[in-house]
Amino acid sequence: MWNWDYAWSILPDLIAALKTTFWATFGGFIFAAIGGLMLALLGRSPIWIIRAINRLIIEFIRSTPLLVQLFFLYFYILPTMFPTAPTALVSGIIGLGLHYSTYMSEVYRSGIDAVPKGQWEAAKALNFPRSKTWTSIILPQALPPTLPVMGNYLIVIFKETPLLSAITLVEVLTTAKNAISVSYRPFEAYTLVGVIFLIISYMFSLLVRMMEIRLNREQSASSGTDSPSKPQSGGKARLNKEVKQQA
Amino acid sequence: MNTTELEKTAGQEAPARTRKPQGASTGVQPIVRYEHVSKSFGDLEVLHDINLDIAPGEKVAMIGPSGSGKTTLGRMLMTLEEPSGGMITVDGEPLWHMKSKGRLVKANEAHLHRMRGKIGMVFQHFNLFPHMSVLRNVTIGPRKVLGVSTDEAHERAVTMLGKVGLGDKLDVYPSMLSGGQKQRVAIARALVMSPKIMVFDEVTSALDPELVGEVLEVIKEIASEGEMAMMLITHEMDFARDVADRVIFGAEGHIVEQGPPEQIFENPQSERLQSFLSRFRL
């Protein structure tokens with residue numbers, strides 16, 4: 001049933017298509033990382049109306065299917081917004097980025113919450129303006145612990161890229177489908193797509209795991225006998241829980 | 001019940017101030033003034049109608065049992081807690097209020113920012129920035145807030161860290177320091193901003209007993225230099241006696257008794273203070 005010759009013959013095309021998949025993954029991830037941070041900061045705004053709108057955006061994006069969002073963006077919103085309609089890749093990056101920014105904002109939020117209250121108070125006592133409190137004191141402490149969770153989201157986004165085949169992006173899955181439409185042999189093509197995703201996801205997850213171990217080691221070294229920073233460990237536990245939920 | 005007591009004790013400030021000439025003349029504008037200040041957390045009133053003046057350069061020790069509201073008094077001055085009522089004036093200007101169209105309104109962030117420049121604070125739990133070296137903990141304030149050049153901030157920080165006896169720990173991270181060393185860094189970090197009044201909030205309470213001395217020594221030395229007023233919230237009675245020009249005893253949200261250290265510790269008037277002090281003379 002399984003035909004090795006056929007499998008080998010389509011493999012180069014599939015691997016070549018990975019390039020597009022990677023573009024979509026990293027583009028979407030960077031978009032989501034930046035967008036998520038902005039949403040997290042807006043969620044901390046002293047102005048309640050900004051917080052409310054922020055909440056609304058997050059709930060809306062999370063409660064609607066990514067596929068519907070992609071269709072809506074690619075076939076309607078982006079073409080009406082721009083004189084020349086963005087390509088499927090750009091639309092896909094925006095769609096994935098927007099969708100996952102709402103999840104990433106939650107990761108940032110837990111990282112920010114894990115910074116002890118005393119840090120905010122020390123910044124105030126030194127008369128730091130709000131913006132500099134964020135950039136010099138809070139974010140440098142809040143972000144490093146979120147890196148493993150961020151890494152997990154990179155994997156999640158990577159695995160979501162086949163959805164972009166629905167908006168005509170020629171990535172790995174579309175390439176497989178194209179091959180099938182000629183050969184009528186779905187078994188080899190879809191199996192190969194699955195194996196490719198498995199191998200790459202697994203390698204990513206090993207990297208994330210290494211990062212996590214290094215981070216834990218650094219944290220236990222730096223918070224060894226530090227001030228009674230119980231909120232910190234509590235926050236870390238929260239973060240770890242989130243990793244598990246994602247995984 | 002204590003308003004009359006307050007009025008009575010307020011008169012005792014004058015002899016207290018004569019100990020330190022710079023704040024002595026009675027006509028001097030206080031650096032900090034609390035007028036009818038109260039503070040509630042929900043239903044719990046932790047401070048009730050507090051009236052208190054601190055003269056420029058004056059060292060005031062606040063003693064009293066836990067829950068007496070003395071820490072809240074300091075935190076309101078550092079703008080970490082907002083008073084529920086009354087008025088705090090710093091250097092002649094309202095702290096939590098500002099004038100707008102001839103009326104006193106709630107202060108905005110710009111006003112608070114300007115006022116905070118006159119106030120400093122050292123915390124019980126140090127609150128050093130763990131992601132920065134000792135040197136950067138001390139230079140970051142002058143650089144980011146006062147706009148001082150990197151070189152000058154470095155110079156000021158090195159001088160200040162030398163003063164607190166940590167000139168050899170510049171590149172060390174806070175996690176590698178003992179509690180006493182951390183607190184001395186925190187003191188240098190607050191001092192380098194040159195506040196006019198500094199709140200020391202139970203700065204030795206989180207320290208191992210053998211490390212308390214080194215921190216108190218540093219504070220004594222700073223106190224002896226003079227110009228900066230100090231609000232020392234403390235449980236160290238000997239320290240309060242040595243450093244303070246005036247000791248204030250508070251309990252249950254009231255100022256119960258105040259006066260020069262000799263009077264407070266040798267000749268306490270109120271029963272409440274007598275029973276409080278007796279617990280320290282075991």
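In chain B, Val134(B), Asn137(B), Val138(B) and Gly141(B) of H5(B) sit against Val185(B), Ala188(B) and Arg189(B) of H7(B), a contact here being a pair of C-beta atoms, placed from the backbone, within 7 Å. Sorted by class, this contact of H5(B) with H7(B) has 4 nonpolar, 2 polar and 1 charged residues; Ala, Val, Leu, Ile, Met, Phe, Trp, Tyr, Cys and Pro count as nonpolar, Asp, Glu, Lys and Arg as charged, and the others, Gly among them, as polar. This is a predicted model, with local features needing pLDDT of at least 70 and side-chain atom pairs counting only at pLDDT 80 or more, while totals for chains, interfaces and linings use all residues. Residues are numbered from 1 along each chain as its sequence is written, and chains are lettered from A and ligands numbered from 1 in the order in which they are written.

As for geometry, H5 (residues 134–146) and H7 (residues 179–191) of chain B pack at about 20° with axes 8 Å apart. Axes are lines fitted to C-alpha atoms, for helices over the stretch in contact, and angles run from 0 to 180 degrees between N-to-C directions. The angle makes H5(B) roughly parallel to H7(B), the label for anything under 35 degrees. The crossing of H5(B) past H7(B) is right-handed, meaning that the near helix is turned clockwise from the far one by less than a right angle.

Then there are the cores, sets of buried Ala, Val, Leu, Ile, Met, Phe, Trp, Tyr and Cys residues joined through C-beta atoms within 7 Å. Buried means 20 or more other C-beta atoms within 10 Å of a residue's own. The largest nonpolar core has 119 residues, and Ala61(B), Phe200(B), Met231(B) and Leu232(B) have the most contacts inside it. Its largest share, 10 residues, comes from helix H4 (residues 88–113) of chain A. Leaving out residues up to four places away in sequence, Met231(B) touches Ile54(B), Val60(B), Met62(B), Gly74(B), Leu77(B), Ile197(B), Val199(B) and Phe200(B). A second, separate core of 8 residues includes Leu14(A), Leu173(A), Ala176(A) and Leu192(A).

Chain by chain, chain A has 10 helices and 0 strands, whereas chain B comes to 11 helices and 12 strands; both are DSSP runs, helices (H or I) of at least four residues and strands (E) of at least two. Buried residues make up 34% of the 247 residues in chain A and 49% of the 282 in chain B. Of the contacts with a separation of 6 or more, residues 24 or more positions apart account for 80% in chain A and 67% in chain B.

Note on methods: A residue is buried if 20 or more other C-beta atoms lie within 10 Å of its own, exposed if 12 or fewer, and partly exposed in between; C-beta atoms are placed from the backbone. Two residues are in contact if their C-beta atoms, placed from the backbone, lie within 7 Å. Angles under 35 degrees count as roughly parallel, over 145 as roughly antiparallel, 65 to 115 as roughly perpendicular and the rest as oblique.
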